[in-house]
Amino acid sequence: MMLFHMANVRAAQSVLVHMAAGGVGIAATQLCQTVKDVTVFGTASASKHEAIKEGGVTHPIDYRTTDYVEEIRKISPKGVDVVLDPLGGSDTQKGFNLLKPMGTLIMYGSANRLSGQKKNLLAVAKTWYNQFSINALSLMHANKAVCGFHLGYLDDFDLTAQVMNVLLELYAQGKIKPRIDSTYHFEQVSRCMSRMQERHNIGKVVLLPEPKPEEDQKESQKDDKNEEDQKNEDPKEEAKQEDAVKPEES
């Protein structure tokens, strides 16, 4: 819906996909590949670049060590045609500035409010303070479009059904395929959430409704205990180890 109903992506255009190694990012990249000669700029940590490049990202960018705006400008001085923005805050302004004339920015999330495994109040305040705002007259002068998308508030069920039919047809043709990063049972939901919040996943993380097999449960409990033991390692023992290392370091 964002790419084709709002942005109307066409041949030879360029798209910026943030969090390109996540489930939405991979889906967006695959859908871009259904249109001829679309260039995809994708932000992700360096360890995920090989995977997203194999998946269709033309130019992977490490957002942790480089300024993605500068990197895009080096390759495409005029900017991009479409920005998919799940970040919010100051990144929305950056995305808007990156748009070519007649370009479209679509905001569909506010991930900058999240820091680590939970919502960070300071990050929320900073994101709110830096939130992008523009008036209609400025949009007219800029020759750009800004859209918002939230599937949870979309009550056009006919449109949703129509889009699902298109997606199923693309899947049947082998043009799109969801990438599954990992699967977890319901009792492992905290692990599942941690994997996503710490941004370790490449693709979708799936929760399985059926109970976990007993053997796997025992193995999982053993792993959990080992992790807990490592976290609660005796501080005195750690100090001894550090002292033992110091003479060698000097």
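**View 1. Burial of Phe-96 and Phe-132 in the predicted model.** Both Phe-96 and Phe-132 are buried. Phe-96 belongs to helix H5, and Phe-132 to the loop between helix H6 (121-129) and helix H7 (136-142), so their pairing ties together parts that are 36 residues apart in sequence.

**View 2. Ring geometry of the aromatic pair formed by Phe-96 and Phe-132.** One aromatic pair is found in a search of the whole structure. The ring centres of Phe-96 and Phe-132 are 5.1 Å apart and the planes meet at 35°, so the pair is tilted. An angle under 30 degrees would count as stacked and one over 60 as edge-to-face.

**View 3. Lys-144 over the face of Phe-96.** Lys-144 lies at 4.7 Å from the centre of the Phe-96 ring. The ring of Phe-96 is thus shown with two neighbours, Phe-132 as its aromatic partner and Lys-144 over its face.

**View 4. Strand S4 and its pairing with S1 and S5.** Strand S4 spans residues 80-85 and is mostly covered, with six of its six residues buried. Strand S1 (residues 14-17) runs parallel to S4 and is joined to it by three bridges. Within this pairing, Leu-16 has Val-83 of S4 as its bridge partner. Strand S5 (residues 99-107) also runs parallel to S4, with five bridges between them. Here Val-82 stands opposite Thr-104 in S5.

**View 5. The β-α-β unit containing helix H5.** S4, helix H5 (residues 90-98) and S5 make up this unit, which is right-handed. Helix H5 also carries Phe-96, the residue of the tilted pair with Phe-132.

Conventions. Residues numbered from 1 in each chain as written. Predicted model: local features only at pLDDT ≥ 70, side-chain atom pairs only at ≥ 80, totals over all residues. Heavy atoms only, no water. Buried < 20%, exposed > 50% of the residue type's maximum accessible area, 1.4 Å probe, protein only. Helix = DSSP H or I, 4+ residues; strand = E, 2+ residues; numbered from the N terminus. Pairing = 2+ DSSP bridges. Right-handed = clockwise from strand over helix to strand, strands pointing away. Phe/Tyr/Trp six-rings, centres within 6.5 Å; stacked < 30°, edge-to-face > 60°. Lys NZ or Arg CZ within 6 Å of the ring centre and 35° of its normal.
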